[in-house]
Amino acid sequence: MFKNYFKTAWRSLQNNKAYSALNILGLATGMAVALIIGLWVYDQYSYDKFLPGYNQAYQVRRKFYGNGDTMTYGGTSLKLATILRTEIPEIQYVAETDGFGMHGLKAGDKKFYINGGQVANDFLKIFKYELLEGNENAVLNNPYSIVLTQSTAKALFGNEDPINKVVRFDNKNDLKVTGVLKDIPSNSTLQFSYLVPFSYLESTDDFTKIARTKGFGWTNFMVFVKLKPGISYAQVEPKIRDLEKTETDNFMSMKTNIILDNVANWHLYENFDKGKLTTGFIQYVSIFTIIGILVLLIACINFINLSTARSEKRAKEVGVRKAIGSGKNHLIFQFLTESLLLTFIAFVFSLLFVQLALPAFNSLTNSNIKIPFTNYIFWLIASGCVLLTGLVAGARPAFYLSSFEPVKVLKGKVHVGKAAALPRQILVVLQFSCSIALIICTYIIYQQVQYAKDRPTGYDKNRLMITDMNADLNNNYTAIKNELIEKNIASSVTTATASVTAGANHRDVEEWPGKQQGESVDMGWLRVSDDYFKTLGMQMKEGRNFESPSDTLNVIFNEAAVKLLRLKDPLNQTITWIDTKFRIIGIVKNALMASPFEQADATMFFYDPHPQDVIMYRLSPNVKTQDAITKLTSIFNKYNPAYPYSYTFADDSYAAKFKLETLIGKLSGLFAALAIFISCLGLFGLAAYIAEQRTKEIGIRKVLGASVSQVWLLLSKDFIMLVFISCVIAAPVAFYYMHNWLQQYDYRITIAPFVFIVSGIAALIITIVTISFQAIKAAMANPVRSLRTE
């Protein structure tokens, strides 16, 4: 019986090649979109879950109550790490880190400037990355040791065994290789190329030495912990929450609580609201999950509409089958078999489409997604989805066609009228409503990104270059600066504790004029050297710039800082910060150093004549960029021969801040285009069948004098009306979701009516183009051919 069902289904597909091709292409495209989104969503959920015991691994965070808000930061102190290690028995391991960053590695003539971390001994016990060589209990014991990833070891030593080889670190000390890690998976939140013991940092860095003896306010470190097996966060939370209440120094005037953030949340839930995890990248994962389902639903609607539209053609087949004894259930199974066969063929094509699209998709999303052909779970899920899709797509046609009465069918009394067409029209409206809503959303995302990109930054990012400092560059900074200016390569050079695009560090201000009892304020801060504001192109609003070494006890505020502290006449006012009094000598205009979608961060600028963590230099206007880079490479290599010259342009770093929103916009646009494409395939098929169904009517109208345009309008007006209704439905739905999405940005657009008008017009134009081919073809047909059988 099933063999007969299959044979009949196969013949039906062969006898209706055009119909079958439209359905297979539409379903294959919809299934490909759903599959590629499904693989991407799975990849996002898999982040960090490959680590054994990830449920017990946490980052320590601090929750602040200040500025009228609750803020959460990942920076913590070494004092807190010591207390967690010695006084909280439920914690199994504690590991301090420097937060990871760029350092120089050199072995022989191989030299690299790459990302890595300086971590405490228990780091690899908390995060069990696969260790190919070495013992996790010993690889980080010696301060002068280093653990390399597999690719880093190969880059430094080729095919030689790296164990016990020597690596020059930051051109300061030689470190012995004690371990090799398998390359860190792409779905790991922490990404690094090597690990150096935290004890090395403590033995070589004066600040870290001091920080170990200081209080909770020295929050320049990241701390990770792992709870003992069977211990939950709920059991530990009351013991660690108020650990910092014992602080006696003045570095922290804010009330703080200690919280733990599980590794499983890092990738998808990075946003905190009032100290609690709320949203993050998970909202986009959820959005695209819905989009994948909608696109697949649109493809299923195509199948349903095309199948029911062909009902009159198959009516006699149903009548004959019933007349010779076929029951309704047999017919239902027959039509469902056709649906499942077509769906299976579409799935095979969808695998091909996905395989061809994955390289471009991975490049766009910076992913490493592959179809898991060898994973039986994938095939079980895929089989279930194929079965479900086939049943969803084929259910209505199967029950509708099998319901025809054989007597009426064989007498020719079955005609598909408005009652049968209404469900089809509803499905077309649903189909296009989803597609048009996606178009509107894509347009609004694009507008928001462009709006933020066009926002004044408060500094000139053009031709501004940034290089991280190291010991050699620091020692030779004055010579580098002089040579860059003397040779007319740079017009201005400066240093700071962070680049202009990286934002500022934060610490609370202890005292300021007008401070209220119990009030606490957290402020951004930067240490800057000579010519900082000149190099960046930031404008002074009032007061003066830093002019001499005596300015080390002076401070410059930006406008946001003045507003935050409610200073009416800020110049020459005094604040207390880290137990030191500073006098305000100038106010600089706001600059967007953090997110371009938020208000400018309240920031204090402190003067330090010594070189800081990054060097920033503006290229002279009369030198070509490529020529400048060639000369810069020569100069930096002369003063920093141990490591290759590395740099970033400020405009590139600023553009990277839009990476997420740009990605979401591109993906939304791509899937909206595919949704429209699938909808138009269905519309094209429906237009063809309706034109075929009304062939004789068109012939009679032409004989009676109807023009081509009148016939075109006759066949097109119903479709145009359906798409117009879809526009009316899609507009408020898209507005609701995009209005809520925009609320996460302080700096955002107002959704204008023309967005919906433009999207609607675009949808109508696409509809007209799609159906016009069939409509004009029918209108231009010779009426003699359609009427000669009458």
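Two strands pair if DSSP finds at least two bridges between them. By that rule, strand E6 (residues 131-133) and strand E9 (residues 173-181) are a pair, because two bridges join them in the antiparallel sense. The model described here is predicted. The protein has 790 residues, and 51% of them are buried. Its secondary structure consists of 25 helices and 25 strands. Among contacts with a separation of 6 or more, 80% are between residues 24 or more positions apart.

**Strands around E9**

- Strand E7 (residues 145-149) runs parallel to E9, and five bridges join the two. Within this pair, Ile-146 is opposite Val-177 of E9.
- Strand E8 (residues 166-169) is antiparallel to E9, with four bridges between them. Here Arg-168 stands opposite Asp-174 of E9.
- E8 and E9 also form a hairpin, with three residues between the strands. Asp-170, in the turn, has a positive phi of about 55°.

**Strands around E15**

- Strand E15 (residues 464-468) is mostly covered, with four of its five residues buried.
- E15 and strand E24 (residues 614-619) run antiparallel and are joined by five bridges. Leu-464 is opposite Arg-618 of E24.
- E15 also runs antiparallel to strand E25 (residues 648-649), to which two bridges join it. Ile-466 has Thr-648 of E25 as its bridge partner.
- As a general point, side chains in a regular strand alternate between the two faces of the sheet.

- Most residues other than glycine have a negative phi.
- Asp-48 is not a glycine, yet its phi is positive, at about 70°. This residue is found in the loop between H2 and strand E1 (57-66).
- Asn-164 also has a positive phi, near 70°, and is a residue other than glycine. Its place is the loop between helix H5 (150-157) and E8.
- Are these two residues buried or exposed? Asp-48 has a relative accessible area of 1%, so it is buried. Asn-164 has a relative accessible area of 51%, so it is exposed, the cut-off for exposed being over 50%.

**Nonpolar cores**

- In soluble globular proteins, nonpolar side chains tend to be buried together.
- The largest nonpolar core has 116 residues. Tyr-532, Met-538, Phe-605, Met-616 and Phe-671 touch the most other members of this core.
- Leaving aside neighbours within four places in sequence, the contacts of Met-538 include Tyr-532 and Phe-605. Gly-458, Tyr-459, Phe-533, Val-588, Lys-589, Ala-591 and Met-593 are also in contact with Met-538.
- Another core, of 29 residues, lies apart from the largest one. Among its members are Ala-120, Phe-221, Phe-224 and Val-263.

**The second largest pocket**

- Rolling a probe the size of a water molecule over the atoms shows where empty space is left.
- The second largest pocket holds about 1000 Å³ of space. It is lined by 34 residues, and those closest to its centre are Leu-35, Gly-38, Leu-39, Phe-378 and Ile-381.
- Which helices each supply at least two residues of the lining? They include helix H2 (17-45), helix H9 (282-309), helix H11 (328-365) and helix H12 (376-401).
- The lining of this pocket has 22 nonpolar, 10 polar and two charged residues.

- Leu-336 is part of helix H11. Its relative accessibility is 13%, so it counts as buried, the cut-off being under 20%.
- Leu-336 and Ala-393 are 57 residues apart in sequence, and their C-alpha atoms are 8.8 Å apart in space.
- Tyr-451 belongs to helix H14 (residues 418-453). Its relative accessibility is 34%, so it counts as partly exposed, because this value lies between the 20% and 50% cut-offs.
- Tyr-451 and Pro-596 are 145 residues apart along the chain, with 9.9 Å between their C-alpha atoms.
- Not counting residues up to four places away in sequence, Tyr-451 touches Tyr-747, Arg-748 and Ile-749.

Notes
Residues numbered from 1 in each chain as written. Heavy atoms only, no water. 1 Å grid on protein atoms, 1.4 Å probe; cavity = no way out; pocket = protein on both sides within 12 Å on 5 of 7 lines; lining within 4 Å. Points joined across faces, edges and corners; volume = space filled by probe spheres on them. Nonpolar A, V, L, I, M, F, W, Y, C, P; charged D, E, K, R; others polar. Buried < 20%, exposed > 50% of the residue type's maximum accessible area, 1.4 Å probe, protein only. Core = buried A, V, L, I, M, F, W, Y, C linked by side-chain atoms within 4.5 Å. Contact = heavy atoms within 4.5 Å.
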